[in-house]
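Please examine the following model with attention to its aromatic rings, its nonpolar cores and its strands. The explanation below takes these topics in turn.

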Amino acid sequence: ISFFAAERNVLTIILVTICKIFEQDTHGKKNSFTDQILVHIEKLDPATAVNDFIHMVAEKPLKYGIVGLIASAVSEVLCLTTKDWNMATISSSSVSVTMNNAAKYPYFYRTTLSDASYIDAQIAVIKHFKWNNIAVVYQISSTYSPTASLLINRLQKNNITVTSSLGVLQYYDHAIENLKSKQIRIILTVMRPTQLKKLLCKAYQNDVYGQKYIWFIPGFFPEKWYIVKDTEVNCTTEQVFEVVKNCFSVYRSFNRTENVTKTISGKTTWEIYQSFYANPEISRIHDHLKAYTYDAIWTLASALNATNTELRKRNQTLLDFTYTNKEIMNIINQKILESSFQGLSGHVSYKKRERVEEVHILQMNGNISTGEMVSVGIYDFRLESLRFNFSNEIVWPDVITLSLDTDNSGITLDSFSILCGAQIWILCYGFTLAFGSLFAKTWRVYRIFTNKTTKTIGIKDWHLITTVANLLIIDIIIFIIWTAVDRLKGTVKTISTEPFLRTDFEISLMGKSYPVNRTWKEYNNEAKLVMMQLDQKILQYFINVWDDPDDPDKRIQIDLQYCTCQNIAVWLGIVCGYKFLLLIFGSFLAFETRKVNMKILNDSKFIGFSIYNVSVFCLLGVLSSVAVGNQETLNYCLRSGCIIICTTITMIMVFLPKILVWKDGKSYIEPSSHFMSTSTTVLQRDLQADGNVLSRYLQLSDLNKFQTILQQ
């Protein structure tokens, strides 16, 4: 294995120390593939690196891979050569997006994150806050131009408007003027700290900073980078800091130094760093570089061991590797992609040739002397998800938020999600209890009056209760599955965003209020006139205004909370289909019992009307909800009105006839050919013989007693 380092006094010692630790970590076992350690000084010079590489491959022993390559510029040049020599190259700090081209760099990997991963994190933040109208300002160079190009491309693929993309070399006035003229508020920068300070100075001089602007800066900047030492920057450190105060950036995970989690070597991260610091020649700077280099060595070593195991199954070994053997190189390549272990920088694995690692969302906090980037969120590259750190909340500079809560309920989105489920559960259970009970009663009448045998039919009240309970159990099963698979959740939807236009202002002078209904400019003129008139008096005055209505950044946004889930149409279709079948069954019972002439038992007309009533109002409720759209108040009134009117009419149609019969104090049986034709001879004889008894019982309104007589 060959190592390319950038500084002999620091990085070379780090690499050699890592190799010694590697020998200890393998428990003293000799590994013939790591006997020869060749260290080359990279000097951040591509020509020198290529020259060293040519000499390296010309000398024995055979090399299996390269670890190191600090600078992206060196990696881009050298890896064009190493691919022709069948050599895997693992960099510890090259971040260039140019290296993502698998066709151009088929054997290149890195243990650090590339700029492409940082772009994904930036886009996640922008989409989370629903920002649009973006500007990308970048330094024209071979390093930053490709990154800016990829950033612009991915923003557009995510339907984010890139209003302006500006490449700068030395002059920044045009870029700032462009930002102001196009009223761009979200500014993403891709450049070195020295160039960025010049851009920020121009931004300060042109008032392109403050509560209206969000600046994104690269995450690799050192601490206190904003301190002005360059005479070409015509601003003070305070002025530059004023622009970047509360700015954002994205960067890799912080150094891990805990003494709990063990790495692939069997040692904790703290123990490994102590091994580094035990060498007096190794400084405590570039700790992240130590970690990424350490993991790079383990990545290549593990891949070589896994390749050797695979080759033994084919009666081969790594000793069969040559600079022209594509077959073995493809196996090494695959084993690197399959890497998965706990390293010094975290868990090491790859997805689409990119290192999988968490990206921190950083924000500048503190004042000019204590300013530092703190983590306010994390982007998970594997899950492609964004979560915010509630212990370090985002600070929005000098922003006043006016929230107009129309219901003042204070209900959180989580509580609203619970109400979403409760709303539809209660509605469906009420429907089942009402119509289930009505149909169960009608079913008992249907069974009695359609009995054509001499067999006694005994249908007790608990039979009916069990029937209704079974219908409720079906409801419960449906809703349990619905909740477990695709739970209803409260969602916020923006209905409209309108310009803020307020023209009624109030001037308070000496405790008295004077309304002023003018446009903003007229109001300003009148305010000046009042000041001129009162200039001779020592008065304290206040002008109570909202803000300039001509300001394009002021908007009234109307949000609506509503209930939904991923497959809301499917679940509603299942529930409505089940209720529809219940209504069909009720219609069948009503039709079959229509000829029963006993008023106290024949509810067929009322059931039919109730089913018609429910169907009509349900249809009206659905159509009205679609018609009114986002007018939630009107939608709620129509929906509630349909439910109340529908249930009221149904209750009246079911109970009012019974009340009238009870009020009259009598109930009687009219001759029924259907009843006589379906009754047995024995039953007819018993009815004639016991006419007085039957007549006496028929004066009662209790259906159970009447059924008992029929069964007797």
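In this predicted model, ring pairs link Phe53, Tyr64, Trp85, Phe321 and Tyr323 into a cluster; rings of Phe, Tyr and Trp (its six-membered ring) count as a pair if their centres lie within 6.5 Å. Because the model is predicted, local features need pLDDT of at least 70 and side-chain atom pairs count only at pLDDT 80 or more, while totals for chains, interfaces and linings use all residues. Residues are numbered from 1 along each chain as its sequence is written, and side-chain values use heavy atoms, with hydrogens and water left out.

The structure holds 25 aromatic pairs. The rings of Phe53 and Trp85 are edge-to-face, because their centres are 6.4 Å apart and their planes stand at 85°; planes over 60 degrees apart are given this name, those under 30 degrees count as stacked, and the rest as tilted. Phe53 belongs to helix H2 (residues 46-58), whereas Trp85 lies in the loop between helix H3 (72-82) and strand E4 (88-91), so the pair ties together parts that are 32 residues apart in sequence. Helices (H or I, at least four residues) and strands (E, at least two) are DSSP runs, numbered from the N terminus. Phe53 is buried, with a relative accessible area of 0%, while Trp85 is partly exposed at 30%. Here buried means under 20% relative accessible area, exposed means over 50%, and partly exposed lies in between (1.4 Å probe, protein chains only).

Tyr204 and Tyr209 form a stacked pair, with 5.1 Å from centre to centre and 20° between the planes. Tyr204 is partly exposed at 24% relative accessible area, and Tyr209 is partly exposed at 23%. A charge also meets a ring: Arg353 lies over the face of Tyr109, at 5.0 Å from the ring centre. For this description, NZ of Lys or CZ of Arg must be within 6 Å of the ring centre and within 35 degrees of the ring normal.

The next topic is the interior. In soluble globular proteins, nonpolar side chains tend to be buried together. A nonpolar core is a set of buried Ala, Val, Leu, Ile, Met, Phe, Trp, Tyr and Cys residues joined through side-chain atoms within 4.5 Å. The largest such core has 45 residues, and Ile332 and Ile336 have the most contacts inside it. Helix H10 (residues 287-312) gives the most to this core, with nine residues. Leaving aside residues up to four places away in sequence, Ile336 touches Ala88, Ile90, Tyr109, Thr299, Leu300, Ala303 and Tyr350, where contact means heavy atoms within 4.5 Å.

Leu188 is placed in strand E8 (residues 186-190) and is buried at 1% relative accessibility. Its contacts, not counting residues up to four places away in sequence, include Gln122, Ile126, Val136, Leu151 and Phe216. Leu188 and Ile217 are 29 residues apart in sequence, yet their C-alpha atoms are 6.5 Å apart in space.

Attention now turns to the strands. Strands of a sheet pair through backbone hydrogen bonds, either parallel or antiparallel; two strands pair here if DSSP finds at least two bridges between them. Strand E14 (residues 359-365) is largely enclosed by the rest of the structure, because seven of its seven residues are buried. Val359, Ile361, Gln363 and Asn365 lie on one side of E14, and His360, Leu362 and Met364 on the other. Strand E10 (residues 248-251) pairs with E14 in the antiparallel sense over four bridges, and Phe248 stands opposite Gln363. Seven bridges join E14 to strand E15 (residues 372-380), also running antiparallel, and in E15 the bridge partner of Gln363 is Val374. The hairpin of E14 and E15 has six residues between the strands, and Gly366 takes a positive phi near 95° there.

In strand E3 (residues 65-68), Gly65 and Val67 point one way and Ile66 and Gly68 the other, and all are buried. E3 and E4 run parallel, joined by four bridges, with Gly68 opposite Ser91. The chain crosses from E3 through H3 to E4 in a right-handed β-α-β crossover: with the strands pointing away from the viewer, the path from the first strand over the helix to the second runs clockwise.
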